[in-house]
Amino acid sequence: MNTEKIAARRLSLEEVTKLGVKDRLFVSADTEELKLPDCFVPAFLTKPGEYFEGGSITARTVFQEEVSCLPDDGNEVGVYVADESGPVTIEVLQSAGVVLDLALFVPGGDKGSLTALYAAVRQAFGADVVQIWRQGLKAVPDVKVDIFEEQIPRGRKASDSPKRDRRAIDTYPTRADFIEFSTGWKPVVEIHKPVVDDTPTI
């Protein structure tokens, strides 16, 4: 396990309320999926500390997990910040690397081209360093689409016409799988219609 020991000090709830979303702190690495007692991870508040109520705060770790805790609760691990003259030394879990979740288009997409692609990646980053954790192959139709966000109607009475926002144009339909749509909006995918300018020219 890759960890680093750093000098730190525990924060009280009052000190946490003075922090912003860009202030780096350390929270417990212990989760339901991964039991790591006495180990910490770097994290950031999900909203400025002054907006938390009830003594409970929520932080998002660098591994994109949300952790809730009560800084003043003596039964909890607590929230720490790095401090060279801090009274304690904590063990911080380091990153082993990054898992890429990409929409990668390989023309043709046969086994030979995929093998060549993986070989090139391993050559660039080192043999046995790049591991393929998950491979989802999906054929892409040779068609371009417009992707919209359409507001989900509320209530029983439908509005005159649903509101739309264009997210991406002239793209492949699989891109819709990788777009995060706003709350209260749904994706709408339509065949791409090129914009034709009928303005007379001289």
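Burial labels follow relative accessible area: buried means under 20%, exposed over 50%, and partly exposed in between (1.4 Å probe, protein chains only). This is a predicted model, where local features need pLDDT of at least 70, side-chain atom pairs count only at pLDDT 80 or more, and totals for chains, interfaces and linings use all residues. Residues are numbered from 1 along each chain as its sequence is written, and side-chain values use heavy atoms, with hydrogens and water left out.

Start with Arg60 and Glu66. Their side chains form a salt bridge, 2.5 Å from N to O. The term requires a side-chain nitrogen of Lys or Arg within 4 Å of a carboxyl oxygen of Asp or Glu. Arg60 is partly exposed at 35%. Glu66 is exposed at 52%. The structure holds 5 salt bridges.

Next, select Asp83 and Arg9. Their closest N and O atoms are 3.1 Å apart. Asp83 sits in the loop between β6 (80-82) and β7 (88-93), and Arg9 in strand β1 (residues 3-10), so this pair ties together parts 74 residues apart in sequence. Strands (E, at least two residues) are DSSP runs, numbered from the N terminus. Arg9 is partly exposed, at 30%.

Now select Lys186 and Glu150. This salt bridge has its closest N and O atoms 3.9 Å apart. Lys186 belongs to strand β10 (residues 185-191) and Glu150 to strand β8 (residues 145-151), so the pair links parts 36 residues apart in sequence. Lys186 is partly exposed at 36%, while Glu150 is buried at 12%.

Conventions:
Helix = DSSP H or I, 4+ residues; strand = E, 2+ residues; numbered from the N terminus.
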